[in-house]
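Reader: I have just opened this entry and would like to learn how to read it. Could you walk me through it, feature by feature?

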Amino acid sequence: MSSIFSDRVKKILLDAEKCVKVPQSYSGELFTGVDLGTAYVVLMVVDSTGKPVAGAYKFAQVVKDGVVVDFTGAMRIVKELKANIEERLNTELLKAAAAYPPETGKSVVKSHFYVTEGAGFEVLNMVDEPTAANYVLNISDGAVVDIGGGTTGIAVVKNGEVVYTADEPTGGTHFSLVIAGAKKISFEEAEEFKKDPFNKKEVIALVKPCIQKVAEIIRRHIRGFKVDAVYLVGGTCCLDGIEDIISKEIDLPVYKPINPFYVTPVGIALSCIGVKEYGDFEGRGTKIY
Ligand SMILES: Nc1ncnc2c1ncn2[C@@H]1O[C@H](COP(=O)(O)OP(=O)(O)OP(=O)(O)O)[C@@H](O)[C@H]1O
Ligand SMILES: [Mg+2]
């Protein structure tokens, strides 16, 4: 169930995958998306046409359940990834946007803002994660669900507008903890085991109850809205077959694009395009176009 995505979406995600390995040619200004995740810190760069041109990521424990717990560490990693991309692109990265989990307090938005600014960026936008994902997917009706490492973010979209967002502290980290416990291996070994396609049958069997819990979370949050379909993004959705289990549980069509890992970071970068200046991040920000 992945062919409902437009050629534009497929191209963006193929370009994202490609440009992390080899930086691509670009035109116009560059904009960086900073995704401070529970499992990965990801920087993705798009050009003025919205094409992903470079990216880098690092597995890091500087954010817990969407909240920055190691401010200096987070800033150091963003600086490191920024410098790495700048060297490969042979240009300076100036402008960025960052994301935060939906329905978190102002202090969380601020901490994500200051990490990005402290790493040397001019921050043009702050956007919540599933809303960022929809900059790529362009869903006009449905629910965008970002299943990351620490949290599951949900955005209900009606006529192209996000009308509801929510965030719950369940994600791939919990899946890995379950695998670690069942197989009596360390968390790091469980992470590797989970991502190895060779283990996919065993992994799905072990984490099925976790997936069902995520499905229950989705069901609870979309209840009350007329949602016809769910669109999955986030690294945890790389798990083969996760969409089928969720679809069965919530009794709705569930779609995921190729490489759901890159959707949110690219969307964060895309959210910069057309923004000249970010006025105020208190009260959700006033963007000046
Ligand atoms: N191929 C894969 N198969 C299964 N899980 C994967 C795969 N690749 C990444 N993951 C999992 O995806 C999660 C990371 O996804 P993502 O980068 O979207 O999360 P995050 O942004 O760091 O976390 P959050 O959004 O919750 O703060 C990790 O739990 C990781 O183990
Ligand atoms: Mg995330």
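Author: Happy to; we will go through the cores, a helix, a few single residues and the strands. Please keep in mind that this is a predicted model.

Reader: Let us start inside. Which residues touch the most other members of the largest nonpolar core?

Author: The general idea comes first. In soluble globular proteins, nonpolar side chains tend to be buried together. Here the largest nonpolar core has 37 residues, and Val-136, Leu-137, Tyr-262 and Val-266 touch the most other members. Several elements supply at least two residues each, among them helix 1 (7-21), strand 7 (122-128), helix 4 (129-137) and helix 9 (263-270). Helix 1 gives the most, with six residues.

Reader: What does Val-136 touch, not counting residues up to four places away in sequence?

Author: Its contacts include Arg-8, Val-9, Ile-12 and Leu-13, and also Val-263, Val-266, Gly-267 and Leu-270. There is also a second, separate core of 33 residues, which includes Val-34, Ala-56, Ala-74 and Val-109.

Reader: Now a helix. Which residues of helix 2 are buried?

Author: An α-helix has 3.6 residues a turn, so residues three or four places apart point the same way. In helix 2, the buried residues include Ala-74, Ile-77, Val-78, Leu-81, Ile-85 and Leu-89. Lys-82 and Glu-86 are buried in this helix too. The buried residues of helix 2 pack against strand 1 (31-36), strand 2, strand 3 (52-59), strand 5 (67-68) and helix 3 (106-118).

Reader: What about a charged residue on the inside? Where is the nearest side chain of opposite charge to Asp-35?

Author: Asp-35, in strand 1, is buried yet has no salt bridge. The nearest side chain of opposite charge is Lys-195, 14 Å away. Beyond its neighbours up to four places away in sequence, Asp-35 touches residues including Tyr-40, Glu-129, Thr-264 and Ile-268.

Reader: And the strands? In what order do the five strands of the open sheet stand?

Author: The order is 10-9-8-11-12, and the pairing is mixed. Strand 10 and strand 12 (254-255) have a single partner strand each, so one side of each is left without a neighbour in the sheet. Strand 9 (residues 152-158) and strand 10 run antiparallel and are joined by seven bridges. For one pair to look for, Thr-152 stands opposite Glu-168 in strand 10.

Reader: Is Thr-165 buried or exposed?

Author: Thr-165, in strand 10, counts as buried because its relative accessible area is 9%, and the cut-off for buried is under 20%. Among its contacts beyond four places in sequence are Pro-102, Asp-128 and Ile-154.

Reader: How many bridges join strand 6 to strand 7?

Author: Six, and these two strands run parallel. One of the pairs is Ala-96 with Val-123 in strand 7. Strand 7 is mostly covered, with six of its seven residues buried.

Reader: One last stop: what is the relative accessible area of Glu-216?

Author: Glu-216, in helix 7 (residues 200-222), has a value of 36%, so it is partly exposed. Glu-216 and Glu-188 are 28 residues apart in sequence and 27 Å apart in space, C-alpha to C-alpha.

Note on methods: Residues are numbered from 1 along each chain as its sequence is written. Chains are lettered from A and ligands numbered from 1 in the order in which they are written. This is a predicted model: local features need pLDDT of at least 70, side-chain atom pairs count only at pLDDT 80 or more; totals for chains, interfaces and linings use all residues. Side-chain values use heavy atoms; hydrogens and water are left out. A nonpolar core is a set of buried Ala, Val, Leu, Ile, Met, Phe, Trp, Tyr and Cys residues joined through side-chain atoms within 4.5 Å. Buried means under 20% relative accessible area, exposed over 50%, partly exposed in between (1.4 Å probe, protein chains only). Helices (H or I, at least four residues) and strands (E, at least two) are DSSP runs, numbered from the N terminus. Contact means heavy atoms within 4.5 Å. Lys and Arg count as positive and Asp and Glu as negative; His and the chain ends are not counted. A salt bridge is a side-chain nitrogen of Lys or Arg within 4 Å of a carboxyl oxygen of Asp or Glu. Two strands pair if DSSP finds at least two bridges between them.
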